[in-house]
Amino acid sequence: RDALAADGLFSFRLKAGKGSEWDSAMKHPRFLQYWQPDELREVVTESGFMIVSFEEGHSKFNKFNWLQIIARKA
């Protein structure tokens with residue numbers, strides 16, 4: 001947050017779902033945390049951001065649902 005300009009935008013995409021898991025499909029194991037839309041909105045706004053865009057979608061390339069967020073420093 002501190003690295004952004006005063007009205008800077010921050011954008012990211014996360015997998016939708018519940019819970020978490022370790023995934024070893026890549027070269028090194030990685031920890032995955034899944035998010036529900038309401039939980040994610042709350043974390044983003046409590047972290048000092050205003051949500052500009054919040055989209056839910058399904059990837060045509062894999063089985064996952066995604067949450068795409070664009071937020072601005074509040």
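Visitor: What does the secondary structure of the protein come to?
Guide: The protein has 1 helix and 5 strands. The model is a predicted one. From the N terminus on, the order is β-β-β-α-β-β.

Visitor: What are the overall dimensions of the protein?
Guide: Along the principal axes, the C-alpha atoms fill a box of roughly 40 × 25 × 20 Å. The accessible surface is about 5,600 Å². Carbon and sulfur atoms hold 53% of that surface. Of the 74 residues, 27% are buried.

Visitor: Why is aspartate 23 called buried?
Guide: Its relative accessibility is 19%. Buried means under 20%. Aspartate 23 therefore counts as buried.

Visitor: What makes the pair of aspartate 23 and arginine 30 a salt bridge?
Guide: Their closest N and O atoms are 3.2 Å apart. The cut-off is within 4 Å. The pair therefore qualifies as a salt bridge. Arginine 30 has 33% relative accessibility, so it counts as partly exposed.

Visitor: How many salt bridges does the structure hold?
Guide: It holds 2. One joins aspartate 23 to arginine 30. Arginine 41 and aspartate 38 also meet in a salt bridge, at 3.4 Å from N to O.

Visitor: Why are arginine 41 and aspartate 38 separated by about one helical turn?
Guide: Because they are 3 residues apart in helix α1.

Visitor: Are these two partners exposed or partly exposed?
Guide: Aspartate 38 has a relative accessible area of 60%. Exposed means over 50%, so aspartate 38 is exposed. Arginine 41 has 31%, and is therefore partly exposed.

Visitor: How do you know that lysine 15 has no salt bridge?
Guide: The nearest side chain of opposite charge is aspartate 23, 6.0 Å away. A salt bridge needs a nitrogen within 4 Å of a carboxyl oxygen. So lysine 15 has none, yet it is buried.

Visitor: Where does lysine 15 lie, and what is it in contact with?
Guide: Lysine 15 lies in strand β1, residues 9-15. Beyond its neighbours within four places in sequence, its contacts include Arg30, Tyr34, Trp35, Phe64 and Trp66.

Visitor: Why is leucine 9 called partly exposed?
Guide: Leucine 9 has 46% relative accessibility. Exposed means over 50%, and buried means under 20%. The value falls in between, so leucine 9 is partly exposed. This residue lies in strand β1.

Visitor: Which residues form a nonpolar patch on the surface with leucine 9?
Guide: Met50 and Val52 form the patch with Leu9. Together the three have about 270 Å² of accessible area.

Visitor: What makes serine 53 buried?
Guide: Serine 53 has a relative accessible area of 19%. The limit for buried is under 20%, so serine 53 is buried. Its place is in strand β4, residues 49-58. Leaving aside neighbours within four places in sequence, serine 53 is in contact with Gln68, Ile69 and Ile70.

Visitor: Why is glutamate 46 called exposed?
Guide: Glutamate 46 has 62% relative accessibility. Exposed means over 50%, so glutamate 46 counts as exposed. Glutamate 46 lies in helix α1, residues 37-46.

Visitor: How far apart are glutamate 46 and aspartate 23?
Guide: They are 23 residues apart in sequence. In space they are 29 Å apart, C-alpha to C-alpha.

Visitor: What share of contacts joins residues 24 or more positions apart?
Guide: Such pairs account for 45% of the contacts with a separation of 6 or more.

Notes
Residues are numbered from 1 along each chain as its sequence is written. This is a predicted model: local features need pLDDT of at least 70, side-chain atom pairs count only at pLDDT 80 or more; totals for chains, interfaces and linings use all residues. Side-chain values use heavy atoms; hydrogens and water are left out. Helices (H or I, at least four residues) and strands (E, at least two) are DSSP runs, numbered from the N terminus. Buried means under 20% relative accessible area, exposed over 50%, partly exposed in between (1.4 Å probe, protein chains only). Lys and Arg count as positive and Asp and Glu as negative; His and the chain ends are not counted. Contact means heavy atoms within 4.5 Å. Patches are made of residues with over 30% relative accessible area and no salt bridge: like charges are joined within 9 Å, nonpolar side chains (Val, Leu, Ile, Met, Phe, Trp, Tyr) within 5 Å. Accessible areas come from the Shrake-Rupley method with a 1.4 Å probe; for residues, only the protein chains shown count as cover.
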